[in-house]
Amino acid sequence: MKILKKRDWFYLIAGTALMAIGAEGFFEHADLVAGGITGIGIMLDAWTQARFGLHIPLWFVNIVLNAPLFLLAWKRKGKAFMGRSVLTASLFSLMLYVEELFPLYSKDPLLAAVFGGVFLGIGLGLVLSVDATTGGVDLAATLLHTKFRSVSIPKFIFILDAAVILGGIAFFGVEKGLYAILAVYVTDQFIDLVIEGMNYAKAAWIISDKNDEIAAALLTDLSRGVTAFSATGKYTGQEREVLFCVFSQKEVHSVKSIIMNIDRNAFFLLTDVREVLGKGFPEK
């Protein structure tokens, strides 16, 4: 395992704490099975309480179900593969234990799905941003992929999470299952927001009779580089030059103004860009 920097430690601790709030503080007490080992733990706890009056905490389920996965991963992938995952899973179990000591939310399933998804998504995004996982479904999917190479890891993750959610629907009913699906959607959106949100940008493809003027204005007014590509219009057969420029989201209005002020007949396409690295954009 690579030596962790201070930032990595902060992300892992903060991330697992936020994940614990989402899973323990919102999902469990609203009976929302949103996939993963925590989803299995929520169903198991509800079943043992209904059948035997016995509470099985999520932190305990997380340790018990992850242990055999880590042993198998050690055997198949080696110690280096497991380093951060073992650490992160241990931190997550600790945070789940701590979260049990605080007041928990359990009233409105819609609010539990939304805010639980927000906390879980931000936390998991922080964890993934330092190349770590909490084990569970991700690790199980990786191990299954080593055995069944024809099925991708994301597909295995989808299958395993879907099976857990379907189990939750069978156990808690369709309504709670629909709230759980909403929670998964919110979680995924906030994972993307954390991992890629800081590097969102825009790109413009521009076709104009005044490309030289537009390029000069983008270079001087916004200090943004512009690249020219040669292209052929298939309808007219005419050779044209296409400009390409990447810029920040806050510069969208300025780019539009520059183009339209120079050539109101220009054709341009704006598109989202992620993971922008290089001069003029923040370093990761």
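**Strands, a helix and a pocket**

Analyst: Isoleucine 207 stands opposite valine 242 in strand E3. Keep in mind that this is a predicted model.

User: How many bridges join E1 to E3, and which way do they run?

Analyst: Six bridges join E1 to E3, residues 239-247, and the two strands run antiparallel.

User: What about E1 and E4, how many bridges there?

Analyst: Seven, and E1 and E4 (residues 267-273) also run antiparallel. Isoleucine 206, for one, has phenylalanine 268 as its bridge partner in E4.

User: Is E1 mostly covered or mostly open?

Analyst: Mostly covered: of the seven residues in E1 (201-207), five are buried.

User: Switching to H10. Which of its residues are buried?

Analyst: In helix H10, residues 252-262, the buried ones are Val252, Val255, Ile258, Ile259 and Ile262. They span an arc of only 130° around the axis, so they sit on the same side of H10.

User: And which are exposed on the other side?

Analyst: His253 and Asn261 are exposed there.

User: What covers the buried residues of H10?

Analyst: The cover includes E1, E3, E4 and helix H9 (211-221).

User: New topic, the largest pocket. How much space lies in it?

Analyst: About 700 Å³. Its lining has 29 residues, and Ala34, Gly36, Leu124, Asp138 and Asp161 are the ones nearest the centre.

User: How does that lining divide into nonpolar, polar and charged?

Analyst: There are 16 nonpolar residues, 10 polar and three charged in the lining of the largest pocket.

User: Which helices supply it?

Analyst: H1, H2, H3, H5, H6, H7 and H8 each supply at least two residues of the lining.

Key:
Residues are numbered from 1 along each chain as its sequence is written. This is a predicted model: local features need pLDDT of at least 70, side-chain atom pairs count only at pLDDT 80 or more; totals for chains, interfaces and linings use all residues. Side-chain values use heavy atoms; hydrogens and water are left out. Buried means under 20% relative accessible area, exposed over 50%, partly exposed in between (1.4 Å probe, protein chains only). Helices (H or I, at least four residues) and strands (E, at least two) are DSSP runs, numbered from the N terminus. Two strands pair if DSSP finds at least two bridges between them. The arc is that of the directions from the helix axis to the C-beta atoms. Contact means heavy atoms within 4.5 Å. On a 1 Å grid over the protein atoms alone, a cavity is a set of points where a 1.4 Å probe fits but cannot get out, and a pocket is an open set with protein on both sides within 12 Å along at least five of seven lines; lining residues have an atom within 4 Å of a point. Grid points are joined across faces, edges and corners, and a volume is the space filled by probe spheres set on the points. Ala, Val, Leu, Ile, Met, Phe, Trp, Tyr, Cys and Pro count as nonpolar, Asp, Glu, Lys and Arg as charged, and the others, Gly among them, as polar.
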